[in-house]
Amino acid sequence: MKQFEGGTVVFTTVVTAQITLLGYEQSELSIRQSLFLASVFLIQALGGGWDVNLLPTKKELEQDFSLLPQLPPDRAGLRLQSPEISLGR
């Protein structure tokens with residue numbers, strides 16, 4: 001836009017760049033949606049449930065994005081513990 005304002009490019013170049021950017025942003029959102037859905041389907045296929053409390057907040061999604069599920073700061077919710085095995089001793 002600064003190049004247009006400076007008179008070094010025509011406005012159609014700016015509009016074309018904005019259209020391209022919008023397409024990339026839409027692709028990113030589609031890919032993120034697919035990742036979230038695939039995560040849910042994987043958890044269901046493995047016999048697990050879905051806990052809404054483990055979903056990131058809007059603020060967390062805007063700050064950072066990770067492909068790995070994250071536990072809440074208080075570590076509540078999902079707990080992965082190995083079962084204790086009694087050997088009868």
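Trainee: Which residues form a nonpolar patch on the surface?
Mentor: M1, F4 and F11 do, with about 290 Å² of accessible area together. Patch members have over 30% relative accessible area and no salt bridge, and nonpolar side chains (Val, Leu, Ile, Met, Phe, Trp, Tyr) are joined within 5 Å. A salt bridge puts a side-chain nitrogen of Lys or Arg within 4 Å of a carboxyl oxygen of Asp or Glu. Areas are Shrake-Rupley values with a 1.4 Å probe, and for residues only the protein chains shown count as cover.

Trainee: Is M1 buried or exposed?
Mentor: M1 is exposed, at 53% relative accessible area; exposed means over 50%, buried under 20%, partly exposed in between. M1 sits in the segment before α1 (2-6).

Trainee: Before I go on, what are the ground rules?
Mentor: This is a predicted model, so local features need pLDDT of at least 70 and side-chain atom pairs 80 or more, while totals for chains, interfaces and linings use all residues. Residues are numbered from 1 along each chain as its sequence is written, and side-chain values use heavy atoms, without hydrogens and water.

Trainee: How many helices and strands?
Mentor: Three helices and zero strands, from DSSP runs (H or I, at least four residues; E, at least two) numbered from the N terminus.

Trainee: What span should α2 have?
Mentor: Helix α2 (residues 11-45) should span 51 Å, and its end C-alpha atoms are 51 Å apart, which agrees. The expected span is 1.5 Å times one less than the number of residues.

Trainee: Where is confidence highest?
Mentor: In α2, at a mean of 92, with pLDDT being the predictor's confidence in each residue, from 0 to 100.

Definitions and conventions: Patch = residues over 30% accessible without salt bridge, like charges linked within 9 Å, V, L, I, M, F, W, Y side chains within 5 Å. Buried < 20%, exposed > 50% of the residue type's maximum accessible area, 1.4 Å probe, protein only.
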